[in-house]
Amino acid sequence: MSLDLVFRRARLAHKAHELVDIGFRAGLIADIAPHIQCDCPTENLDGKLVMGGFVDSHVHLDKSCISGRCNCVTGTLQEAIVETAKAKQNFTEEDIYSRGQKTLEKAIIQGTTAMRTHVELDPTIGLKGFNAIHQLKRDYAWAIDLQICVFPQEGLLNNPGTDELLWQACESGADVIGGCPYTDTDPKKQIARIFQIARHFDLDIDFHLDFNLDPTKSDLAEVCQQTIHHGYQGRVAIGHVSQLSALPPVELKTVAHRLAEAGIALTVLPSTDLFLMGREASHLVPRGVTLVHAMLRHGVNGSLATNNVLNPFTPFGDCSLIRMANLYANIAQIGDQRGLEDCFDLVSNRPATFMHLRDYGLVIGNPATLIVLDTEDKASTIAELGQPLLGYKNGRRSFTRPKAFIHRP
Ligand SMILES: [Zn+2]
(Lines give C-alpha, C1' and ligand atoms only; values in the text may rest on other atoms or scores of the structure.)
Protein backbone atom coordinates (compact mmCIF):
# COMPACT_ATOMS: atom_id res chain seq x y z
CA MET A 1 0.00 0.00 0.00
CA SER A 2 1.21 3.57 -0.53
CA LEU A 3 2.26 5.25 2.67
CA ASP A 4 3.70 8.66 3.58
CA LEU A 5 6.00 7.48 6.38
CA VAL A 6 6.81 4.31 8.31
CA PHE A 7 8.26 4.06 11.81
CA ARG A 8 10.40 0.91 12.04
CA ARG A 9 11.03 -1.09 15.24
CA ALA A 10 8.60 0.81 17.48
CA ARG A 11 7.33 -0.40 20.83
CA LEU A 12 3.69 0.03 21.90
CA ALA A 13 2.79 0.57 25.55
CA HIS A 14 0.34 -2.35 25.85
CA LYS A 15 2.76 -4.92 24.37
CA ALA A 16 6.19 -3.53 25.07
CA HIS A 17 7.87 -6.95 24.53
CA GLU A 18 7.48 -6.89 20.72
CA LEU A 19 8.62 -4.50 18.01
CA VAL A 20 6.28 -3.29 15.26
CA ASP A 21 6.23 -0.97 12.26
CA ILE A 22 3.71 1.86 12.11
CA GLY A 23 2.60 3.28 8.75
CA PHE A 24 1.07 6.74 8.24
CA ARG A 25 -1.06 7.88 5.33
CA ALA A 26 -2.90 11.18 4.87
CA GLY A 27 -2.55 12.12 8.55
CA LEU A 28 -3.89 8.79 9.81
CA ILE A 29 -2.39 5.61 11.21
CA ALA A 30 -2.77 3.32 8.22
CA ASP A 31 -1.07 0.15 9.43
CA ILE A 32 0.57 -1.47 12.45
CA ALA A 33 2.36 -4.75 11.70
CA PRO A 34 5.60 -6.65 12.45
CA HIS A 35 7.00 -5.58 9.06
CA ILE A 36 5.45 -3.13 6.61
CA GLN A 37 6.64 -3.19 2.97
CA CYS A 38 6.95 0.29 1.52
CA ASP A 39 9.11 2.56 -0.61
CA CYS A 40 8.26 5.68 1.41
CA PRO A 41 10.54 7.43 3.94
CA THR A 42 11.18 5.41 7.10
CA GLU A 43 12.47 6.23 10.54
CA ASN A 44 14.11 3.57 12.72
CA LEU A 45 12.95 4.03 16.33
CA ASP A 46 15.29 1.33 17.60
CA GLY A 47 12.81 -0.08 20.12
CA LYS A 48 11.61 3.20 21.60
CA LEU A 49 8.14 3.56 23.06
CA VAL A 50 5.44 5.21 20.93
CA MET A 51 2.14 6.38 22.46
CA GLY A 52 -0.69 8.80 21.77
CA GLY A 53 0.82 11.63 23.78
CA PHE A 54 0.09 12.79 27.31
CA VAL A 55 -3.29 14.13 28.34
CA ASP A 56 -3.34 16.97 30.86
CA SER A 57 -6.89 17.03 32.21
CA HIS A 58 -6.58 20.07 34.49
CA VAL A 59 -4.52 23.18 33.72
CA HIS A 60 -5.03 26.93 34.22
CA LEU A 61 -3.39 28.56 31.20
CA ASP A 62 -5.07 31.93 31.85
CA LYS A 63 -3.33 32.54 35.18
CA SER A 64 0.00 30.85 34.46
CA CYS A 65 3.36 32.67 34.65
CA ILE A 66 2.43 35.42 37.12
CA SER A 67 4.67 34.50 40.10
CA GLY A 68 6.67 37.71 39.63
CA ARG A 69 3.53 39.86 39.90
CA CYS A 70 2.40 38.44 43.27
CA ASN A 71 3.55 38.85 46.83
CA CYS A 72 3.03 35.57 48.69
CA VAL A 73 3.94 35.19 52.36
CA THR A 74 1.81 32.47 54.01
CA GLY A 75 1.50 30.08 51.05
CA THR A 76 -2.12 29.22 51.84
CA LEU A 77 -4.93 28.61 49.35
CA GLN A 78 -6.68 31.76 50.59
CA GLU A 79 -3.61 33.88 49.93
CA ALA A 80 -3.20 32.33 46.47
CA ILE A 81 -6.79 33.23 45.58
CA VAL A 82 -6.42 36.82 46.92
CA GLU A 83 -3.03 37.45 45.27
CA THR A 84 -4.16 36.03 41.94
CA ALA A 85 -7.38 38.09 42.05
CA LYS A 86 -5.25 41.23 42.58
CA ALA A 87 -2.95 40.39 39.65
CA LYS A 88 -5.99 39.58 37.52
CA GLN A 89 -7.15 43.19 37.62
CA ASN A 90 -4.31 44.08 35.24
CA PHE A 91 -4.79 41.17 32.84
CA THR A 92 -5.46 42.07 29.21
CA GLU A 93 -6.45 39.69 26.45
CA GLU A 94 -2.98 40.01 24.84
CA ASP A 95 -1.28 39.35 28.19
CA ILE A 96 -3.37 36.24 28.85
CA TYR A 97 -2.71 35.00 25.32
CA SER A 98 1.07 35.41 25.53
CA ARG A 99 1.38 33.78 28.98
CA GLY A 100 -0.96 30.97 27.90
CA GLN A 101 1.09 30.51 24.75
CA LYS A 102 4.32 30.19 26.71
CA THR A 103 2.80 27.52 28.95
CA LEU A 104 1.13 25.69 26.09
CA GLU A 105 4.37 25.49 24.11
CA LYS A 106 6.11 24.00 27.15
CA ALA A 107 3.38 21.35 27.33
CA ILE A 108 3.72 20.54 23.62
CA ILE A 109 7.47 19.99 23.98
CA GLN A 110 6.77 17.71 26.96
CA GLY A 111 4.66 15.47 24.74
CA THR A 112 1.17 16.62 25.74
CA THR A 113 -1.26 16.22 22.83
CA ALA A 114 -4.53 17.03 24.63
CA MET A 115 -5.36 19.35 27.49
CA ARG A 116 -8.39 20.58 29.42
CA THR A 117 -7.75 24.14 30.52
CA HIS A 118 -9.92 25.86 33.11
CA VAL A 119 -10.73 29.49 32.35
CA GLU A 120 -12.13 31.73 35.04
CA LEU A 121 -15.02 34.10 34.55
CA ASP A 122 -16.11 36.90 36.86
CA PRO A 123 -17.18 40.54 36.46
CA THR A 124 -13.56 41.80 36.80
CA ILE A 125 -12.04 39.66 34.05
CA GLY A 126 -15.21 39.36 31.98
CA LEU A 127 -14.65 37.23 28.88
CA LYS A 128 -11.01 38.35 28.38
CA GLY A 129 -9.60 35.02 29.56
CA PHE A 130 -12.10 33.04 27.55
CA ASN A 131 -11.48 35.01 24.35
CA ALA A 132 -7.69 34.77 24.67
CA ILE A 133 -7.68 31.03 25.35
CA HIS A 134 -10.27 30.38 22.65
CA GLN A 135 -7.92 32.07 20.15
CA LEU A 136 -5.01 30.02 21.50
CA LYS A 137 -7.04 26.84 20.99
CA ARG A 138 -7.54 27.68 17.31
CA ASP A 139 -3.94 28.84 16.76
CA TYR A 140 -2.41 25.68 18.27
CA ALA A 141 -4.80 23.06 16.90
CA TRP A 142 -1.88 21.83 14.74
CA ALA A 143 -0.13 20.57 17.90
CA ILE A 144 -2.63 20.02 20.70
CA ASP A 145 -6.36 19.55 21.31
CA LEU A 146 -7.53 22.07 23.90
CA GLN A 147 -10.78 21.68 25.82
CA ILE A 148 -11.93 24.90 27.47
CA CYS A 149 -13.69 24.53 30.82
CA VAL A 150 -15.22 27.82 32.01
CA PHE A 151 -15.77 28.17 35.75
CA PRO A 152 -16.49 30.71 38.53
CA GLN A 153 -13.20 30.77 40.50
CA GLU A 154 -14.39 33.65 42.67
CA GLY A 155 -17.89 32.40 43.35
CA LEU A 156 -21.08 32.13 41.32
CA LEU A 157 -24.07 32.99 43.51
CA ASN A 158 -21.96 35.30 45.72
CA ASN A 159 -20.65 37.18 42.70
CA PRO A 160 -23.43 38.83 40.69
CA GLY A 161 -22.79 38.98 36.95
CA THR A 162 -20.82 35.71 36.84
CA ASP A 163 -23.81 33.56 35.89
CA GLU A 164 -24.43 35.68 32.76
CA LEU A 165 -20.76 35.39 31.77
CA LEU A 166 -20.82 31.58 32.14
CA TRP A 167 -23.92 31.49 29.99
CA GLN A 168 -22.28 33.70 27.31
CA ALA A 169 -19.09 31.60 27.25
CA CYS A 170 -21.14 28.42 26.86
CA GLU A 171 -22.95 30.03 23.92
CA SER A 172 -19.57 31.05 22.44
CA GLY A 173 -17.96 27.63 22.34
CA ALA A 174 -16.85 26.54 25.83
CA ASP A 175 -16.38 22.77 25.78
CA VAL A 176 -16.95 22.01 29.47
CA ILE A 177 -18.40 23.89 32.45
CA GLY A 178 -16.76 23.86 35.86
CA GLY A 179 -17.74 24.72 39.40
CA CYS A 180 -15.96 25.74 42.55
CA PRO A 181 -18.60 25.14 45.24
CA TYR A 182 -16.33 26.13 48.16
CA THR A 183 -16.30 29.74 46.89
CA ASP A 184 -20.04 30.24 47.59
CA THR A 185 -21.91 30.53 50.89
CA ASP A 186 -24.30 27.87 49.61
CA PRO A 187 -22.20 25.26 47.79
CA LYS A 188 -25.22 23.01 47.10
CA LYS A 189 -26.96 25.79 45.21
CA GLN A 190 -23.87 26.40 43.09
CA ILE A 191 -23.67 22.69 42.25
CA ALA A 192 -27.36 22.68 41.27
CA ARG A 193 -26.94 25.77 39.08
CA ILE A 194 -23.88 24.31 37.30
CA PHE A 195 -25.83 21.15 36.49
CA GLN A 196 -28.68 23.30 35.18
CA ILE A 197 -26.40 25.25 32.78
CA ALA A 198 -24.51 22.08 31.79
CA ARG A 199 -27.74 20.32 30.85
CA HIS A 200 -28.98 23.30 28.87
CA PHE A 201 -25.83 23.29 26.71
CA ASP A 202 -25.25 19.51 26.91
CA LEU A 203 -21.75 19.98 28.39
CA ASP A 204 -19.65 17.80 30.67
CA ILE A 205 -18.80 19.17 34.13
CA ASP A 206 -15.49 19.51 35.98
CA PHE A 207 -15.63 20.70 39.61
CA HIS A 208 -12.87 22.03 41.87
CA LEU A 209 -13.90 20.19 45.03
CA ASP A 210 -13.14 19.72 48.73
CA PHE A 211 -9.80 21.50 48.56
CA ASN A 212 -8.80 21.29 52.24
CA LEU A 213 -7.95 18.60 54.79
CA ASP A 214 -11.19 18.60 56.82
CA PRO A 215 -13.47 15.78 55.62
CA THR A 216 -16.29 16.82 57.97
CA LYS A 217 -17.42 19.51 55.50
CA SER A 218 -17.59 17.85 52.10
CA ASP A 219 -19.52 18.63 48.91
CA LEU A 220 -18.73 15.26 47.38
CA ALA A 221 -21.94 13.48 48.40
CA GLU A 222 -23.98 16.30 46.85
CA VAL A 223 -22.05 16.09 43.55
CA CYS A 224 -22.54 12.29 43.46
CA GLN A 225 -26.24 12.60 44.21
CA GLN A 226 -26.84 15.30 41.58
CA THR A 227 -24.76 13.42 38.99
CA ILE A 228 -27.01 10.37 39.35
CA HIS A 229 -30.16 12.51 39.55
CA HIS A 230 -29.33 14.21 36.23
CA GLY A 231 -28.16 10.98 34.53
CA TYR A 232 -24.68 12.50 34.20
CA GLN A 233 -22.67 9.34 34.97
CA GLY A 234 -19.43 9.38 32.94
CA ARG A 235 -19.70 13.14 32.35
CA VAL A 236 -18.43 14.62 35.63
CA ALA A 237 -14.86 15.05 36.87
CA ILE A 238 -13.71 16.46 40.21
CA GLY A 239 -10.31 17.99 40.89
CA HIS A 240 -8.10 18.24 44.01
CA VAL A 241 -10.45 16.58 46.57
CA SER A 242 -7.48 16.73 48.93
CA GLN A 243 -9.88 16.02 51.82
CA LEU A 244 -9.78 12.36 50.77
CA SER A 245 -6.11 12.26 51.75
CA ALA A 246 -7.30 12.71 55.35
CA LEU A 247 -9.49 9.58 55.30
CA PRO A 248 -8.42 6.16 56.60
CA PRO A 249 -8.40 3.41 53.91
CA VAL A 250 -11.73 1.87 54.89
CA GLU A 251 -13.55 5.21 54.49
CA LEU A 252 -11.66 5.96 51.28
CA LYS A 253 -12.95 2.67 49.91
CA THR A 254 -16.55 3.70 50.65
CA VAL A 255 -16.01 7.00 48.80
CA ALA A 256 -14.42 5.11 45.90
CA HIS A 257 -17.52 2.93 45.56
CA ARG A 258 -19.71 6.04 45.63
CA LEU A 259 -17.62 7.71 42.88
CA ALA A 260 -17.59 4.54 40.79
CA GLU A 261 -21.37 4.24 41.10
CA ALA A 262 -21.82 7.88 39.99
CA GLY A 263 -19.24 7.47 37.20
CA ILE A 264 -17.25 10.47 38.45
CA ALA A 265 -13.57 10.79 37.52
CA LEU A 266 -11.08 12.02 40.11
CA THR A 267 -8.22 14.33 39.14
CA VAL A 268 -5.35 14.73 41.58
CA LEU A 269 -3.00 17.71 41.27
CA PRO A 270 0.10 16.60 43.18
CA SER A 271 2.24 19.71 42.83
CA THR A 272 -0.43 22.21 43.95
CA ASP A 273 -1.87 19.99 46.66
CA LEU A 274 1.58 19.30 48.11
CA PHE A 275 2.44 23.01 47.99
CA LEU A 276 -0.76 24.45 49.51
CA MET A 277 -2.05 21.82 51.93
CA GLY A 278 -0.93 21.37 55.52
CA ARG A 279 0.35 24.92 55.95
CA GLU A 280 -0.83 24.91 59.58
CA ALA A 281 1.68 22.17 60.51
CA SER A 282 5.13 23.21 61.71
CA HIS A 283 6.62 19.74 61.18
CA LEU A 284 5.58 16.29 59.89
CA VAL A 285 3.56 18.24 57.34
CA PRO A 286 0.69 16.20 55.82
CA ARG A 287 1.12 15.58 52.10
CA GLY A 288 -2.50 16.45 51.30
CA VAL A 289 -2.44 14.45 48.08
CA THR A 290 -5.32 12.01 47.52
CA LEU A 291 -4.26 8.48 46.60
CA VAL A 292 -6.13 8.17 43.33
CA HIS A 293 -4.24 5.02 42.27
CA ALA A 294 -5.71 3.16 45.27
CA MET A 295 -9.21 4.01 44.02
CA LEU A 296 -8.68 2.60 40.52
CA ARG A 297 -9.15 -0.95 41.88
CA HIS A 298 -12.66 0.00 42.96
CA GLY A 299 -13.73 1.06 39.47
CA VAL A 300 -12.97 4.79 39.72
CA ASN A 301 -11.40 6.50 36.74
CA GLY A 302 -8.97 9.33 37.35
CA SER A 303 -5.96 11.36 36.34
CA LEU A 304 -2.91 13.21 37.54
CA ALA A 305 -2.59 16.72 36.12
CA THR A 306 -0.50 19.88 36.17
CA ASN A 307 -3.03 22.45 37.46
CA ASN A 308 -1.07 25.68 37.92
CA VAL A 309 2.26 26.79 36.49
CA LEU A 310 4.37 29.57 38.02
CA ASN A 311 1.72 31.36 40.10
CA PRO A 312 0.74 31.63 43.80
CA PHE A 313 -1.02 28.24 43.69
CA THR A 314 2.09 26.50 42.33
CA PRO A 315 5.32 28.45 41.85
CA PHE A 316 6.79 25.57 39.81
CA GLY A 317 6.21 24.02 36.47
CA ASP A 318 7.69 22.68 33.27
CA CYS A 319 4.33 21.18 32.16
CA SER A 320 5.85 17.70 32.14
CA LEU A 321 3.27 15.05 32.99
CA ILE A 322 6.05 12.49 33.29
CA ARG A 323 7.53 14.61 36.06
CA MET A 324 4.09 14.99 37.67
CA ALA A 325 3.49 11.23 37.60
CA ASN A 326 6.96 10.66 39.03
CA LEU A 327 6.27 13.21 41.80
CA TYR A 328 3.01 11.42 42.60
CA ALA A 329 4.70 7.99 42.66
CA ASN A 330 7.20 9.40 45.12
CA ILE A 331 4.53 10.97 47.37
CA ALA A 332 2.32 7.86 47.21
CA GLN A 333 5.32 5.57 47.81
CA ILE A 334 4.77 3.61 44.61
CA GLY A 335 7.75 1.63 43.34
CA ASP A 336 6.34 -1.58 41.87
CA GLN A 337 5.79 -2.25 38.17
CA ARG A 338 1.99 -2.23 38.28
CA GLY A 339 1.82 0.93 40.38
CA LEU A 340 4.20 2.78 38.04
CA GLU A 341 2.11 1.62 35.06
CA ASP A 342 -0.96 3.06 36.80
CA CYS A 343 0.88 6.39 37.11
CA PHE A 344 1.58 6.33 33.36
CA ASP A 345 -2.07 5.54 32.59
CA LEU A 346 -3.20 8.39 34.88
CA VAL A 347 -1.50 10.91 32.55
CA SER A 348 -2.50 9.25 29.27
CA ASN A 349 -5.33 6.85 28.42
CA ARG A 350 -7.29 7.33 31.67
CA PRO A 351 -7.87 11.09 31.25
CA ALA A 352 -8.37 10.50 27.50
CA THR A 353 -11.32 8.28 28.45
CA PHE A 354 -13.16 10.70 30.72
CA MET A 355 -12.39 13.64 28.42
CA HIS A 356 -14.06 11.55 25.69
CA LEU A 357 -11.11 11.79 23.28
CA ARG A 358 -12.61 9.20 20.96
CA ASP A 359 -9.72 8.94 18.48
CA TYR A 360 -6.89 8.88 21.04
CA GLY A 361 -4.13 6.29 20.84
CA LEU A 362 -2.32 4.03 18.44
CA VAL A 363 -5.13 2.31 16.59
CA ILE A 364 -5.38 1.83 12.82
CA GLY A 365 -7.69 4.52 11.45
CA ASN A 366 -6.99 7.03 14.22
CA PRO A 367 -5.21 10.32 13.48
CA ALA A 368 -1.42 9.94 13.46
CA THR A 369 -1.09 11.88 16.71
CA LEU A 370 1.67 10.35 18.79
CA ILE A 371 4.93 10.88 20.58
CA VAL A 372 8.14 8.86 20.79
CA LEU A 373 9.70 8.45 24.23
CA ASP A 374 13.34 7.72 24.99
CA THR A 375 12.31 4.64 26.94
CA GLU A 376 10.99 1.11 26.38
CA ASP A 377 7.96 0.75 28.64
CA LYS A 378 5.45 2.56 30.83
CA ALA A 379 6.97 1.83 34.23
CA SER A 380 10.51 2.90 33.33
CA THR A 381 9.17 6.10 31.73
CA ILE A 382 7.84 7.14 35.15
CA ALA A 383 10.68 5.73 37.26
CA GLU A 384 13.48 7.20 35.12
CA LEU A 385 11.70 10.30 33.81
CA GLY A 386 12.13 9.05 30.22
CA GLN A 387 11.91 12.07 27.94
CA PRO A 388 9.80 12.68 24.82
CA LEU A 389 11.97 12.86 21.68
CA LEU A 390 9.47 13.92 19.03
CA GLY A 391 5.79 14.23 18.31
CA TYR A 392 3.28 14.18 15.48
CA LYS A 393 -0.22 15.63 15.28
CA ASN A 394 -2.44 14.39 12.44
CA GLY A 395 0.63 13.06 10.61
CA ARG A 396 2.60 16.32 10.80
CA ARG A 397 5.73 16.64 12.94
CA SER A 398 4.85 18.98 15.84
CA PHE A 399 8.03 19.00 17.94
CA THR A 400 11.56 17.61 18.14
CA ARG A 401 13.53 17.37 21.30
CA PRO A 402 17.00 16.01 20.62
CA LYS A 403 18.49 13.51 23.03
CA ALA A 404 21.41 14.73 25.16
CA PHE A 405 24.81 13.60 23.96
CA ILE A 406 27.97 12.66 25.87
CA HIS A 407 31.24 13.76 24.22
CA ARG A 408 33.60 10.93 25.20
CA PRO A 409 37.32 11.68 25.12
ZN1 LIG B 1 -7.50 23.98 39.21
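The questions below go through domains, sheet, helices and single residues.

Tutor: First the ground rules. This is a predicted model: local features need pLDDT of at least 70, side-chain atom pairs count only at pLDDT 80 or more, and totals for chains, interfaces and linings use all residues. Residues are numbered from 1 along each chain as its sequence is written.

Student: What are the domains of the protein chain?

Tutor: The chain is divided into domain 1 (5-52 + 360-400) and domain 2 (54-354). Such bounds come from an automatic or database domain assignment. The centres of domain 1 and domain 2, taken over C-alpha atoms, are 30 Å apart. Their contact takes 19 residues from domain 1 and 20 residues from domain 2. Two residues are in contact if their C-beta atoms, placed from the backbone, lie within 7 Å.

Student: Which element gives the most to the side of domain 1 that touches domain 2?

Tutor: Helix H13 does, with five residues. Strands S15 (388-393) and S16 (396-400) each supply at least two residues as well. Helices (H or I, at least four residues) and strands (E, at least two) are DSSP runs, numbered from the N terminus. The residues on this side divide into nine nonpolar, seven polar and three charged. Here Ala, Val, Leu, Ile, Met, Phe, Trp, Tyr, Cys and Pro count as nonpolar, Asp, Glu, Lys and Arg as charged, and the others, Gly among them, as polar.

Student: What makes S6 and S13 edge strands?

Tutor: The open sheet has eight strands in the order S6-S7-S8-S9-S10-S11-S12-S13, with parallel pairing. Strand S6 (54-59) and strand S13 (302-304) each pair on one side only, and they are the edge strands. Neighbouring strands of this sheet are turned by 20° against each other on average, direction ignored. For such angles, axes are lines fitted to C-alpha atoms, for helices over the stretch in contact, and angles run from 0 to 180 degrees between N-to-C directions.

Student: How do you know that S12 and S13 pair?

Tutor: Two strands pair if DSSP finds at least two bridges between them. Three bridges join strand S12 (residues 264-268) to S13. That meets the cut-off, so they pair. One of the links runs from Val268 to its bridge partner in S13, Leu304. S7 and S8 pair in the parallel sense over seven bridges, and Val119 has Val150 in S8 as its bridge partner. Strand S10 (residues 204-209) and S11 pair over five bridges, also in the parallel sense. There, Ile205 is partnered by Val236 in S11.

Student: Why is S11 called largely enclosed?

Tutor: A residue is buried if 20 or more other C-beta atoms lie within 10 Å of its own, exposed if 12 or fewer, and partly exposed in between; C-beta atoms are placed from the backbone. In strand S11 (residues 236-240), five of the five residues are buried, so the rest of the structure largely encloses it.

Student: Why is Thr375 called buried?

Tutor: Thr375 has 23 other C-beta atoms within 10 Å, so it is buried. Thr375 sits in the loop between strand S14 (370-373) and helix H13 (378-384). Leaving aside neighbours within four places in sequence, its contacts are Leu49, Ser380, Thr381, Glu384 and Gly386.

Student: Is Val73 buried or exposed, and what makes it so?

Tutor: Val73 has 7 other C-beta atoms within 10 Å, so it is exposed. Val73 lies in the loop between S6 and helix H1 (77-88).

Student: What is the phi of Cys319, and what is that of Gln333?

Tutor: Phi of Cys319 is near 65°, positive in a residue other than glycine. Phi of Gln333 is near 55°, again positive in a residue other than glycine. Cys319 is buried, because 24 other C-beta atoms lie within 10 Å. Gln333 is exposed, because its count is 8.
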